[in-house]
Amino acid sequence: MEPPALTDRLKERAKRLDFARCGVAPAIRPAGADHLDQWLARGYAGEMDYIVARRDAYEHPRHVLENVRSIVMLAMDYRTQPRDVTAPGTGQISNYAWGSVDYHDLIRTRLHHLADYLRELVPAAATRGVVDTAPLLEREFAQLAGLGWIGKHTLTLSRDAGSYFFLAALLTDQELEYDERREANHCGACTACLDACPTEAFPEPYVLDASRCISYLTIEHRSQIPVDLRGGMGNWLFGCDVCQDVCPWNRNAPMATVADFQPAEGQNPSELAELFDLSEEAFRRRFRHTPLWRPHRRGMLRNAAMVLGHQRAERAVPALSRGLEDPEPIVRGACAWALGQIATPACRAALELRRHSEEDADVLAELEAALT
């Protein structure tokens, strides 16, 4: 089968597999590889050491699939209903994680189906599907494939689709017909995303300091939240959509067509105090196959304490006081900070009581700071 016909068949099947848009790029060294070096050198990766460890693999897609010639780039919309108001005692979750499934699993299954279809057409074809877990600069190849441009908030943007979509890739050693790269950048003079970031995570347009990003802090960051960033985290329990919510190109972004992305009960927003009642096993049962599993129980409880402290939610004092007895030091420290922010007599009593038995130096420092 000739490349144009093969490409058309793949794009047609991709639409039937719920991918809203599809483009094809050549498997070349991405221009963004040099920007990656600069980004890492400036320390913007934070604790994401796996990026540093795999830096050489980002140099060319052949490190993901040997003899790769073409990359099929795919977009799947995830935007659903408008965000509900966050009441005291509840926390916000990023729109992409409102559903009942982990998008990695959902998309990976569809990628397998698309790869199987390609092998039906070309039995000797080699393939590999990628959903943001391999060393591949997806946004660079999405631009090469004509799916949009990289916006000032560093996300892929489309005039027709905004930025509320997942990117996925199917790499193959087959030659396909390549789409025209979109060079145009339609951000113009707009700086809405940069101006709205609560933690000032954009040192300049098109550059994200992940170590200050709320999404990074609530999901990838494994230690305690830096003190100078806690106030900016606001009501975000998991992820952040601020830079997307204010983007003019998202005003008419399409809605998700996949039912599994519709909000599950308690996800938009989420009750926080009840999280402190979940054991490790109970947390696993509830969140194991959702995006919220990524930070694990200790990370989610740390985040919940940060939100409750920001809200000064007095009704959460009993839950936060229980958190002072949690086996995880990171949870105890976060709860200490939150109780210090709420600062009622009951908070002080709980902090004083825990100070007498606490042995972890970092938690003791949090307790002392909360009491003073």
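Tutor: Begin with a definition: a residue is buried if its relative accessible area is under 20%, exposed if over 50%, and partly exposed in between. Keep in mind that this is a predicted model.

Student: What makes strand β7 mostly covered?

Tutor: The count of buried residues does: in β7 (residues 165-172), 8 of its 8 residues are buried. F165, L167, A169 and L171 point one way, F166, A168, L170 and T172 point the other way, and all of them are buried.

Student: Why do the side chains point in two directions?

Tutor: In a regular strand, side chains alternate between the two faces of the sheet.

Student: Which strand is joined to β7 by 4 bridges?

Tutor: That is β4 (residues 127-130), which runs antiparallel to β7. Here G129 has L170 of β7 as its bridge partner.

Student: Why is D132 called partly exposed?

Tutor: Its relative accessibility is 37%. D132 is found in the loop between β4 and α5 (138-144).

Student: What makes the approach of D132 to H104 a polar contact?

Tutor: The side chains of D132 and H104 come to 2.7 Å, and the cut-off for a pair of N or O atoms is 3.5 Å, with one able to donate a hydrogen and the other to accept it. Beyond its neighbours within four places in sequence, D132 is in contact with Y103, H104 and E138.

Student: How do you know that C243 is in no disulfide?

Tutor: The nearest cysteine sulfur, that of C193, is 6.4 Å away, while a disulfide needs two sulfur atoms within 2.5 Å. For C247, the nearest cysteine sulfur is that of C190, at 6.6 Å, and C247 is in no disulfide either. The structure holds 0 disulfides.

Student: Are C243 and C247 buried or exposed?

Tutor: C243 has a relative accessibility of 16% and counts as buried. C247 has 8% and is buried. Both terms follow because the limit is under 20%.

Student: Which residues of helix α15 are buried?

Tutor: In α15 (residues 361-371), V363, E366, L367, A370 and L371 are buried.

Student: Why are they said to lie on the same side of α15?

Tutor: They cover an arc of only 130° around the axis, so they are on the same side. On the other side, A361, D362 and A369 are exposed. The buried residues pack against α8 (227-230), α13 (329-342) and α14 (345-355).

Student: Why do β8 and β9 count as edge strands?

Tutor: Three strands form an open sheet in the order β8-β3-β9, with mixed pairing. β8 (236-238) and β9 (270-271) each have a single partner strand, so one side of each is left without a neighbour in the sheet. Strand β3 (residues 90-93) is joined to β8 by 2 bridges, and the two run parallel. In that pairing, I93 stands opposite F238.

Definitions and conventions. Residues numbered from 1 in each chain as written. Predicted model: local features only at pLDDT ≥ 70, side-chain atom pairs only at ≥ 80, totals over all residues. Heavy atoms only, no water. Pairing = 2+ DSSP bridges. Buried < 20%, exposed > 50% of the residue type's maximum accessible area, 1.4 Å probe, protein only. Arc of directions from axis to C-beta. Contact = heavy atoms within 4.5 Å.
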